[in-house]
Amino acid sequence: MNRFSLAALCLLGVISARAAGAVSPAAPAAPQPPPAQAAAPVPGAYAGADTCVVCHESEGNSLKSTPHGEGKNPRTPAAAHGCESCHGPGQAHVDDDAKGHIVKFAQTTPAATNETCLGCHNRGVHAGWEGSTHERRNLSCITCHSVHNPTATAHQLVKATETQLCATCHRLQVAKTERAVAHMPVREGKMSCSSCHNPHGSITNVKALKVGTSVNETCYKCHAEMRGPTLWEHAPVRENCTTCHDPHGSSNDRMLAVRMPMLCQRCHIATKHPASIYDNNAITVNKSNRMFGRSCMNCHQNIHGSNHPSGQFFMR
Amino acid sequence: MRSFLPAVFVCWVCAAIAIAAQAQSGQPADSTPQTAAAAAQAAPDASQTPAPVGLDTSRSLFDQTWRQVQVGGRFTSVDGDPGRFQRYQDMRDGVLLTDFRYANHDVGGNWLYRLTADNVGYRDQRYSGSYQRTGRFVISGIWDEIPQFYSVDTMTPYTLTASPLRLDDATQQLIQNGSPEKLNAYVPIAPQFDLRERRDIGTFNVLATPTPQMDVNAAFTTTRHRGELPWGGSFGFSNDVEVPLPYDSRTNDLTVGTEWTNRKSMLRVAYDGSWFNNLDPVLVWDSPLRLTDSTSAPGSGRMTLWPTNSAQTISGAGYTKFPHRTQLTGSISYGFWNNDQPLQPFTINSALPQIALPRTTAEASAHVFSANANLVSHPVPDWEFTARIREYHYNNNTPATAISSYVSYDTSVNTSLTGGPELYAHSRTNVEGDATWTGLKPVALTAGFSRNDAGYDARIFQSTGENVLRLSADAVGTQWMTFHGKYEYGSRSGSDLDEALLVEIGEQPSMRHYDLANRTRNQFTAIVDMVPNDQWAFSVSGGTGKDSYPGSSLGLQETTFRTFSAGADFHLPNGFGGGGTYNIERYGGLQQSRSADSSTFDDPLRNWTADTAETVHYFSLYAAPPRIGRNTEARVSYDFSHAEGSYLYTVAQGGPLPAPSQLPNVFNKLQQLHVDVRHRLSSRLAASVSYLYEPFHIYDFAFDPTVVNGIVQPSSLVLGYVYRPYSAHSAQIGLRYLW
């Protein structure tokens with residue numbers, strides 16, 4: 001075991017020790033409302049949700065139809081202080097003619113907004129938020145979600161679909177999923193950005209990929225046939241699928257980043273056919289089997305690796 | 001380029017500072033751009049409570065509710081390639097039951113269940129269901145079918161069964177006795193068939209919450225993947241055979257995990273198991289050129305396909321919080337990957353000498369170790385620091401395999417250049433740190449540095465190291481504008497170059513594999529969103545970048561990208577909403593090669609370059625007019641994309657290579673016009689009419705019908721899979737019932 005592995009195990013040990021309090025057999029406590037103000041809430045400073053909805057009826061109604069309003073779930077705001085679980089104690093706000101003394105998330109910093117949400121959303125898919133790419137780019141939870149007025153039915157998104165939401169910033173990647181020639185079934189509704197990515201960050205993987213510990217392991221979740229290992233391996237295949245494929249979409253067959261034979265000729269410059277110029281004559285005059293159809297893979301079809309003893313060049 | 005990008009970045013930072021000054025000028029409080037836009041949209045969520053929204057005539061008929069169903073019919077007309085039009089969909093004519101949503105819960109909120117169904121009875125049907133005891137457990141399941149429709153143009157004389165794929169013996173004998181041009185004899189006995197495959201995915205998930213701090217999760221997914229794929233099965237250098245590969249596999253994935261969380265810490269342990277089982281692991285197919293084996297050619301071929309394999313992974317992850325908003329996050333995992341499938345004989349050709357197998361099974365195995373640690377801290381106001389280290393090791397445990405000779409194309413015995421398979425393995429260590437200053441609210445300025453080290457077995461570089469510098473500026477939280485901009489510079493270099501590895505396999509020693517080669521990277525991206533009022537929103541984004549490969553005399557030289565996007569959305573007080581987006585993307589790649597034989601191997605005058613370029617235009621419009629009368633609503637959208645690729649060959653001046661005949665450009669153009677109209681007939685019933693017009697044009701010289709003009713090509717027997725244009729009209733008429 002190398003030194004870093006030992007350090008990682010020790011780190012997890014520290015975390016385990018600090019988390020040990022969560023495993024005690026004590027009766028489950030009601031969730032503590034996250035501190036919206038610097039001081040801890042004082043009993044009696046809460047106005048009660050019934051008071052809030054006198055003025056904010058639509059917000060109260062919208063909350064009832066979402067997981068936040070599930071009073072039977074001890075993890076929800078509805079089971080704690082209702083509206084004031086997130087917006088902070090509200091009696092002072094009720095008493096204030098200027099209607100201050102309340103947390104208005106439209107005006108708080110992203111860090112403050114996130115701290116409120118993460119007070120409850122601190123596990124599962126949200127566990128990797130701190131230090132994630134979106135967090136480091138100063139996004140807040142309400143950049144993508146709306147508690148009271150979502151547009152999408154799922155995940156309370158501010159846009160009608162996940163794809164539209166991600167396209168707000170990731171236009172390039174979303175545009176590639178629309179490529180007519182080769183694409184994942186995103187625009188057909190069978191996949192979405194979150195099929196591969198966790199926008200809240202990934203503890204284990206790069207590029208906010210939600211499965212596995214490498215790009216390839218994410219791909220293997222649907223393409224397990226490529227996992228191998230095999231007897232004869234193709235090095236770039238083993239190390240990174242995106243060396244050859246564009247995972248979001250491409251105008252080339254099989255979502256290749258560059259069409260064959262040019263893609264293969266970027267690494268194969270041996271004598272004879274790997275480094276030949278396959279120009280228009282190869283199509284119109286010679287009709288070379290290295291140009292039409294599946295090009296190099298007309299012969300080298302086991303390009304992702306071969307389990308055949310004669311598979312050195314992936315032809316068997 | 002290198003001096004230009006930082007200057008551009010400085011300009012963006014100045015813009016960000018200007019935004020900050022504007023934000024600090026005391027503008028009136030208002031909702032964030034995002035919530036303003038959301039407020040302008042229709043409809044609150046109704047995903048949980050099955051309120052009788054069908055009775056609420058103020059709600060839009062386009063809002064999803066949890067008690068609805070649409071029954072009707074679909075009528076589709078396709079002129080051209082129906083396979084490409086329907087690629088991952090089933091758009092056939094027929095009765096259509098879809099958009100079924102049903103949810104119910106008890107008055108006390110103790111339980112809730114939901115059911116959905118879409119495209120019932122079609123190849124792309126999908127069902128889901130879930131049941132939850134609030135705060136205690138959730139059980140859910142999904143059944144999803146994903147078709148993949150390749151082509152209706154395909155024909156084959158091969159039997160469409162599981163392996164072995166057979167040809168007519170008489171025709172094989174005829175060709176064996178005559179000349180290869182008689183491949184045309186297969187044409188009359190090659191019926192048309194639809195080339196398709198499909199995935200059927202079933203998922204079952206249980207999430208239990210025995211205590212508010214503890215979650216226990218178990219998930220099982222089974223995927224059946226079957227059909228036919230276009231697959232190469234050649235028997236020689238100048239021979240090409242394409243078969244409809246019968247493919248049938250099942251993958252089962254199981255995840256079991258537990259997570260403990262309190263306000264300060266989280267700990268997660270999990271097991272992931274994955275089993276891929278190829279039900280057709282070996283392909284045997286007849287040679288179209290001859291019936292019987294000979295010492296120069298076989299009567300059939302045999303190859304292995306993707307081997308049955310498994311992966312078992314145990315993992316742990318967690319975080320713990322400290323004062324000053326400091327959090328330490330870590331994970332560790334260890335995986336065991338195996339493939340122990342029987343090794344096939346070196347050849348199926350009975351006329352060739354059989355080579356002894358090195359062992360009876362593959363014994364292919366890998367151990368994968370990964371560990372991450374991430375520290376985030378806000379020790380003082382206006383500062384955030386992040387440090388991260390990541391280790392990844394792919395350890396190849398496959399035993400060394402001595403293979404000195406092999407059989408090429410089941411035709412001839414050849415000597416292995418490497419004496420057996422290379423045991424590729426690799427490791428990565430990534431260390432990075434970022435510092436963010438938010439003192440100039442609402443702007444956050446970040447500087448970061450990464451060091452990426454990688455080690456390799458059996459690659460031309462034993463290791464590579466890369467330094468990456470990042471600078472970014474992000475401004476969010478202003479009332480009317482948000483901005484994100486990032487510049488990244490990276491420099492990678494390889495160590496311990498082993499050119500002998502290249503020479504051993506006959507490659508040019510000055511060629512460098514671009515996934516390892518020395519590389520300089522410059523990238524800049526930025527996006528600005530502006531929401532001047534509740535009615536309008538504008539967005540502009542762009543990016544540019546270049547990867548250069550100095551030191552790669554041969555191989556990939558550089559890649560570039562340039563993108564620009566602009567969009568606008570509006571929502572007027574009268575309910576009229578709409579918007580549009582325009583994107584343009586440009587990609588380029590330059591590679592250098594050398595066309596030579598052994599006697600001219602070192603002649604640089606035989607060099608040539610290929611300059612590939614692609615330009616993509618994408619344009620979309622949508623409109624959601626206000627209600628027409630009291631009961632009619634409509635939605636219209638139009639999407640247009642046009643991609644064109646070019647390939648320019650250049651040979652060395654004064655060299656012996658003839659001037660290339662340049663390849664024609666390839667292009668594809670897709671348009672989609674959607675019109676949806678819904679009319680409320682009563683409080684519970686609505687009529688729905690939707691229309692899709694989708695013309696598609698494409699030219700790709702590799703798949704054009706003028707090139708692949710039949711299943712017989714010079715010395716080749718193929719499937720006839722081509723890229724064809726189409727023009728499709730599809731209409732759905734139905735009744736939507738809401739209750």
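Where in chain B does Pro164(B) lie?

Author: Pro164(B) is found in the loop between E5 and helix H4 (169–177) of chain B. Helices (H or I, at least four residues) and strands (E, at least two) are runs assigned by DSSP and numbered from the N terminus. The structure is a predicted model, in which local features need pLDDT of at least 70 and side-chain atom pairs count only at pLDDT 80 or more, while totals for chains, interfaces and linings use all residues. Residues are numbered from 1 along each chain as its sequence is written, chains are lettered from A and ligands numbered from 1 in the order in which they are written, and side-chain values use heavy atoms, with hydrogens and water left out.

The peptide bond that leads from Ser163(B) into Pro164(B) is cis, and its omega is near 10°. Pro229(A) is placed in the loop between helix H11 (215–220) and helix H12 (235–239) of chain A.

Ala208(A), a residue other than glycine, has a positive phi near 55°. This alanine is in the loop between helix H10 (171–177) and H11 of chain A. His324(B) sits in the loop between strand E12 (309–322) and strand E13 (326–339) of chain B, and its relative accessibility of 56% makes it exposed.

Strand E5 brings us back to the element on one side of the Pro164(B) loop. Glu145(B) forms a salt bridge with Arg198(B), the closest N and O atoms being 3.4 Å apart; a salt bridge is a side-chain nitrogen of Lys or Arg within 4 Å of a carboxyl oxygen of Asp or Glu. This pair links distant parts of the chain: Glu145(B) belongs to strand E5 (residues 137–151) and Arg198(B) to strand E6 (residues 195–211), 53 residues apart. Glu145(B) is buried at 8% relative accessible area, whereas Arg198(B) is partly exposed at 32%.

Other salt bridges of chain B may be set beside this one. Arg521(B) and Asp547(B) meet through their side chains at 2.8 Å, N to O. Arg521(B) lies in strand E22 (residues 519–530) and Asp547(B) in strand E23 (residues 536–548), so this pair ties together parts that are 26 residues apart in sequence. Asp547(B) is buried, with a relative accessible area of 8%. Arg92(B) and Asp90(B) also form a salt bridge, with 2.6 Å from N to O. Here Arg92(B) is partly exposed at 35% relative accessibility, while Asp90(B) is buried at 1%. Over all chains, the count comes to 37 salt bridges.

Charged side chains also link the two chains. Arg136(A), Arg388(B), Glu432(B), Asp434(B) and Arg470(B) are joined in a network of salt bridges. Across the interface of chain A and chain B there are 10 salt bridges, and the side chains of Arg179(A) and Glu585(B) form a salt bridge at 2.7 Å, N to O. The side of chain A that touches chain B receives the most from helix H1 (residues 3–19) of chain A, which gives 10 residues. That side of chain A divides into 58 nonpolar, 48 polar and 34 charged residues, where Ala, Val, Leu, Ile, Met, Phe, Trp, Tyr, Cys and Pro count as nonpolar, Asp, Glu, Lys and Arg as charged, and the others, Gly among them, as polar. In all, 140 residues of chain A are in contact (heavy atoms within 4.5 Å) with 220 residues of chain B. The area buried between the chains is about 15100 Å², with 55% given by carbon and sulfur atoms; buried area is the accessible area (1.4 Å probe) that two parts lose on being put together, summed over both.

As for chain A itself, it has 14 helices and 0 strands. Of its 316 residues, 53% are buried.

Notes. Buried means under 20% relative accessible area, exposed over 50%, partly exposed in between (1.4 Å probe, protein chains only).
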